[in-house]
Each structure stands twice: as structure tokens, then as C-alpha cells.
Amino acid sequence: MTLSKWINQKLFLYSSAYSEDKTEDLIKTEKKFKLSVVTQFFPPDYAATGQLLEELTRELGNLGVDIEVFTSQPGYAFRSSHAPSVENLGKVQVQRSRTAQLWPGRIRGKAVNGVLFTLRAVLHLLRNGSRFNLLLLTTAPPFLPIIGYLAHRWFRIPYVCILYDLYPDIAIALNVISKDHWLAKLWQKLNKLVWQKSKAIIVLSPAMKMRVTAICPQVADKVFVIHSWGDPDLIIPIAKKENWFAWKYNLVNKFTVLYSGNMGRCHDMDTILEAAKLLQDEPIQFVFIGSGAKQEELIKDVNRLRLKNFVFLPYQDKEVLPYSLTAGDLSLVSVDAGMESLVAPSKLYPALASGRPIAVICSQYSYLRQMITEANCGDTFENGDSHGLAEFIRLLSQNQELAKRMGRAGRQYMRSHFTPQIISRQYLQVLQQSIVFDK
């Protein structure tokens, strides 16, 4: 049996109707390993990739995995730009490098900081490669997986890649570089080299898997779709009248449309803005929590149009998320046209946990449409369909019972498919069998 077939059998068990007792028995029979996770972002950074990895490593630690995380000093923290250089979190040991944070928030700054972190990660690998027998690499920064290839060549260490975003494809789609640019061609060649030598490639959506296998058909059997997740024990539905966050920002008596997370170059803000213009004379409030490349432009447009139905707030501490995510009546998720196979919005899953209906703006080809339909938790709208989005917002603002039913359905769907416990077991199977099938 191939690695792909074996793991897919296990993933089906865990994602559909897994029995905790059965999975624990299976886990105990598998080969133990020492896992090294390399990622630029990790708490106290509030970057979504780091937050997800902290939860994933904690769950894997609970399942008996010894884990070392090599990461950077925080660049997007709330209170401090410094964290302990070595920190023990249960079975997870975190080691932070001294990577500088130059020009934060700017493209060239992110690129330089990513290169500096990658160089330090290489040095870390040279000094400590013998301490672990499996490497897990993220695309934060995007070119970080090359370290896996080096580990394989130098120490014969097997490695697994998590592709949060697909580069250089995103840069090409955003017209940052052309597909014929030497850098894009070199990057694609390096990607293929890294992917072919990896033991497994984890992507966040079926569309991303199709994209990867189209670029490099040789890796089709070792690309696995494992979604992001939400924590239903952390994010619990709270009535707005009992929510201090909603009272603090005067959201209790208005129907509140909430966008929480990154407002980046791959997200559609224009459709939301046009819908808000159509609803500006109604008791409906749009609340944007977070930041990103498109935030400044959106704020300028709101001020230029003199819209009074917008509130902008910064990223919130993790302790505040149970209140901020439930301060809305409807959650928004958006992906720009042409980006459906390049990114997967992690904000969807905690939004589902909040027990609020979801409105997703995406292309007609997006996997998100099938998810929302299966969950029966909201509706989807093509990019540019601001009238459809506005009508859906009006409908829910006038039919609170429908909104509650959708919200309950979405939370139940998330609890059945996308909890940290379910997803961590899917990761565990891929990681364990990456060692079992290593030659």
C-alpha cells in the first residue's frame, strides 16, 4: 500500500466519524518521533499562521509527540517585540532567533526579514540537525521549505511542507513579477525540487491541491488536504446583550457585519465596500478588526465617501477573541477573484465557531461554496455582487430566527469537521507515516 492510500484511509476515519478510543489505540501503535517545526511566526505574534501552529503543536504534544519549534522574535505582537529565547510549553520547546524586523508591513521589509530568518534557520539546522528525525516546514516566509531540501541532503532527515500560500504564483497573480521573470522561473524550479524530495505536502484546500499537482504532477500521491480549524471551546456563542465588547463599541442595538482578520492583497474589499454604500441609510454597522495591505485604502475610500456605517479596530488579543468574534450578527469572509487556488482563509473556521451566519465572497469555482452549502450556514456571492450581498444582509437583519439557525448549523458543522482535536490527528497520521515510509 502506498503512503497516500494509507494516510487517506486514516484521514477518512478521523475527519468523518472518528472514535477517540480507536484513534488513541492507533496512535500508540505508531512510531514515536522527535519533530522540529520551523516557522517565522509564533505567539506572541498574532499572525494567523503562528496562532494556528501554536494550537497544532500543543495538540500534537498532548498526543505524545516531542516537539521543538524554531521561530523568530515577534514582529507583530501586541505588547512587546521580545519574547523568551527559550520557552517550554508542555511537550513543546520553543527557541526564538534574534532575527531583526526591518520595515515591518512593507513588502521589501517582509522579504528581507524572511531571508534573515531563513539564514538563521539554516544555522540552527546545522547545529541541531541530529536532535530530531522529522522536519515540518511552513511557507512563512514563502521560501522557507528550501531548508527541508537541505536537511534531506545533509542529514537524510525527512521533511513535510505546509503550504499556507503558493508562491511565486501569488506574486504573479498580483502583478508583482511576471511569470517570465527569472526569479519566478527559478522559484518554480526550486518548488518542484523541494516538493519532490519531501515526504508529504499539506495544503489547506482541494483547489490548492489541484494547483500543486498541475504544477508538479510527480507529487500528486503525497499532497494531502488538511483544513484549518476553529476552537469551539475557546469561541463560544455569546448573546450581544451579554457581550462587553459589543457594549464597548456600541454594537448591541445595530445589526453588525463583522470582518475579523487580515485585509490583504488576496482579499476582496471592494464588494464589501459597495454593499456598505447600498446599506448606509439603514441600521446596519460594518466592523473591521485587523490590518493588512488593503486596510489603508479601504479607510481612505470610507472617508472619501463619507460613510458613517464603518468601524475600524486593531487586532485583538487571543483572550478577547471570544467576545470580538461574537459581537457581530454576520461574519464576512472574502477571497479576491483568481485567488481561490492560491490561498485559503483561516478566518472562516473561528467565524463558524462563533455561531453566527457566514457570507463568503469568492469566485464561482471556489471550494468555499461547497463548504457553505454543506454547512447550511450562510450564503456565497461572486466577486462584484455587492447587490446580492446587501440583500442577504438585509434579509438576516430582518429575520433573526433565520440568522440563528444558520449560525447554529455552522457551529455544528465546524465541531464535526474542523476542531483542533480532529485536525491534529490528521496531521499526526501524515507525520508518522512520513517516517514509517522513509527509506
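A residue is called buried under 20% relative accessible area, exposed over 50%, and partly exposed in between, using a 1.4 Å probe and protein chains only. This is a predicted model, in which local features need pLDDT of at least 70 and side-chain atom pairs count only at pLDDT 80 or more, whereas totals for chains, interfaces and linings use all residues. Residues are numbered from 1 along each chain as its sequence is written, and side-chain values use heavy atoms, with hydrogens and water left out.

By that definition, Arg156 is exposed because its relative accessibility is 53%. Arg156 sits in the loop between helix 5 (146-155) and strand 6, where helices (H or I, at least four residues) and strands (E, at least two) are DSSP runs numbered from the N terminus. The phi of Arg156 is near 60 degrees, a positive value in a residue other than glycine. Asn250, in the loop between helix 9 (244-248) and strand 9, likewise has a positive phi near 60 degrees, and Asn250 counts as exposed because its relative accessibility is 57%. Most residues other than glycine have a negative phi, and most peptide bonds are trans.

The bond from Pro43 to Pro44 is cis, with omega near 20 degrees, and Pro44 belongs to the loop between strand 1 (34-38) and helix 3 (48-62). The bond from Tyr167 to Pro168 is also cis, with omega near 10 degrees, and Pro168 lies in the loop between strand 6 (159-163) and helix 6 (169-173).
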